[in-house]
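Let's take a walk through this one, from the overall make-up down to a few single contacts.

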Amino acid sequence: MFSWLGTDDRRRKDPEVFQTVSEGLKKLYKSKLLPLEEHYRFHEFHSPALEDADFDNKPMVLLVGQYSTGKTTFIRYLLEQDFPGMRIGPEPTTDSFIAVMQGDVEGIIPGNALVVDPKKPFRKLNAFGNAFLNRFVCAQLPNPVLESISVIDTPGILSGEKQRISRGYDFAAVLEWFAERVDRIILLFDAHKLDISDEFSEVIKALKNHEDKMRVVLNKADQIETQQLMRVYGALMWSLGKIVNTPEVIRVYIGSFWSHPLLIPDNRKLFEAEEQDLFRDIQSLPRNAALRKLNDLIKRARLAKVHAYIISSLKKEMPSVFGKDNKKKELVNNLAEIYGRIEREHQISPGDFPNLKRMQDQLQAQDFGKFQPLKTKLLEVVDDMLAHDIAQLMVLVRQEETQRPIQMVKGGAFEGTLHGPFGHGYGEGAGEGIDDAEWVVARDKPMYDEIFYTLSPVDGKITGANAKKEMVRSKLPNSVLGKIWKLADIDKDGMLDDEEFALANHLIKVKLEGHELPNELPAHLLPPSKRKIAE
């Protein structure tokens, strides 16, 4: 009689077994989440149904910004080659969405052909109609960077009179569609024009709920001096703070992302460090892609559950025969109260609810009579997925990360500063003197020797206690001085001779100049007399 209950219990204790994260996500979505979405018409309100290509595609980077902020130039800088359909200029030149993707042969695939290709994750864009599809292309080309990621170039966001000209499609809605599916959203700003137009403000608000994917690039920063740059950065943060309503500060990268000489080279080191940080962030995308897709599925499942409660509540309130139109208006106007009731009844966080105004607008065009009542079995299946299957996939994500070789974006600009003397930090800090024949510490050793001989050396060595008295004068914390001691005491006898003491002081100087200490002592810093010990 209760055989179904036993089966359900067994399934809960023993979740489905998946071979890969991608396969698991597809299976869970189709078998557990999709039925709930279809039953409550989730796709008409929020987001089209996901397809296999959405789970299988490479990580995507979406570039957004006003015209002439350097979006297309930024892509060209990363790829280190032109791509089909590329146009660069001071006025709005990119009037299309361009998906720059890996391909064996260079070429352009137009939008209408693109949305019927099941291998590309763009099929659901056909809902935006021909006005959009005529402005959407895929540029394919063989490039090592594109073997790991794809990049979406967008039309420049308009300002002033231009923004009043209709594009013929819902620009903000298209960006929101991409935002749900990409791994990183990069907002580009020109250091010379920080004004955020009405359309740009609307776009940033449309990207709400995706703040974790957003990064900001303050581009063309080599064209202004340090003092002005500081003011521009402050103004940018203030402007963003008014639009991005989140307590966390969005990460801003400062630099000039093109291959031209720096106009004002004073901030070269800052730009190099910022570029390396941004490159590391982009390079980590393939490694974190499975986790991002898992995270997005969880967010989607939570929204689908809330949507089901909203739709079933509206259905429950509707009269069966008379007064349907008046009741519908009343329910739409009182949607905030319905939100509050659902929140209290089902213990749901307010942040999981869809935007109130937008939901009210969408409900105006709906026939409430076609809505479905609450079906607890569908919700229980989704709850079970979140409680058990997702936990299993999390373990699989970690396993895949450890078993696979480290996935990194390679080629293009990512290769330019990895090796040789133009690698970030080469010849600086602990790397100073790496190419010199002479031991770099020898330059200041006479000064360090004077201090050494005041510390009462015995048999040419000073004790740890005596060395400590001198080293704490640097005011560095004990944790840092302990690391310096470990690096400098090469023969591990708990004492320092004159060369080891000089090395310790050199490493203190490196740290005081703001550089990081190495985890292991580089070969060029080994004192000449100790090089045989190290071998």
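What follows is a short report on the fold and some of its parts.

## Ground rules

This is a predicted model, in which local features need pLDDT of at least 70 and side-chain atom pairs count only at pLDDT 80 or more, while totals for chains, interfaces and linings use all residues. Residues are numbered from 1 along each chain as its sequence is written, and side-chain values use heavy atoms, with hydrogens and water left out.

## The big picture

The protein has 22 helices and 10 strands, taken as DSSP runs numbered from the N terminus (helices are H or I with at least four residues, strands are E with at least two). Of its 535 residues, 48% count as buried; buried means under 20% relative accessible area, exposed over 50%, and partly exposed in between, with a 1.4 Å probe and protein chains only.

Now for contacts, meaning heavy atoms within 4.5 Å. Among those in the protein with a separation of 6 or more, 78% come from residues 24 or more positions apart.

Strand 7 (residues 214-219) has six of its six residues buried, so it is largely enclosed by the rest of the structure. M214, V216 and L218 point one way, R215, V217 and N219 point the other way, and all are buried.

With strand 6 (residues 184-190) it pairs in the parallel sense over six bridges, and I186 stands opposite R215. With strand 8 (residues 252-254) the pairing is again parallel, over three bridges, and here V216 sits opposite V252. Strand 6, helix 9 (residues 198-206) and strand 7 also make a right-handed β-α-β unit: with the strands pointing away from the viewer, the path from the first strand over the helix to the second runs clockwise.

Helix 14 (residues 335-346) has 12 residues and should span 16 Å at 1.5 Å a residue, and its end C-alpha atoms are 16 Å apart, which agrees. The expected span is 1.5 Å times one less than the number of residues. L335, I338, Y339, G340 and I342 are buried, and the buried residues of helix 14 pack against helix 12 (285-317), helix 13 (324-333) and helix 15 (356-364). Then comes Q347, whose phi is positive, near 55°.

Over in helix 16 (residues 376-403) you'll find D389, which counts as buried at 1% relative accessibility. Its side chain makes a polar contact with the side chain of K32 (2.4 Å). Such a contact is a pair of N or O atoms within 3.5 Å; within protein, one must be able to donate a hydrogen and the other to accept it, and residues adjacent in sequence count only if both atoms are side-chain atoms.

## The EF-hand stretch and helix 21

An unreviewed UniProt entry annotates residues 476-511 as "domain: EF-hand"; positions follow the numbering used here, feature names are shortened, and annotations may be inferred rather than shown by experiment. Over residues 476-511 the chain is 69% helix and 8% strand, with end C-alpha atoms 9 Å apart.

Helix 21 (residues 498-512) has 11 of its 15 residues buried, so it is largely enclosed by the rest of the structure. Its cover includes helix 18 (445-452), strand 9 (461-463), helix 19 (464-471), helix 20 (478-488) and strand 10 (495-497). At the start of helix 21, a side-chain oxygen of D497 reaches to within 3.1 Å of the backbone nitrogen of E499. Just after the helix, G514 takes a positive phi of about 95°.

Key
Two strands pair if DSSP finds at least two bridges between them.
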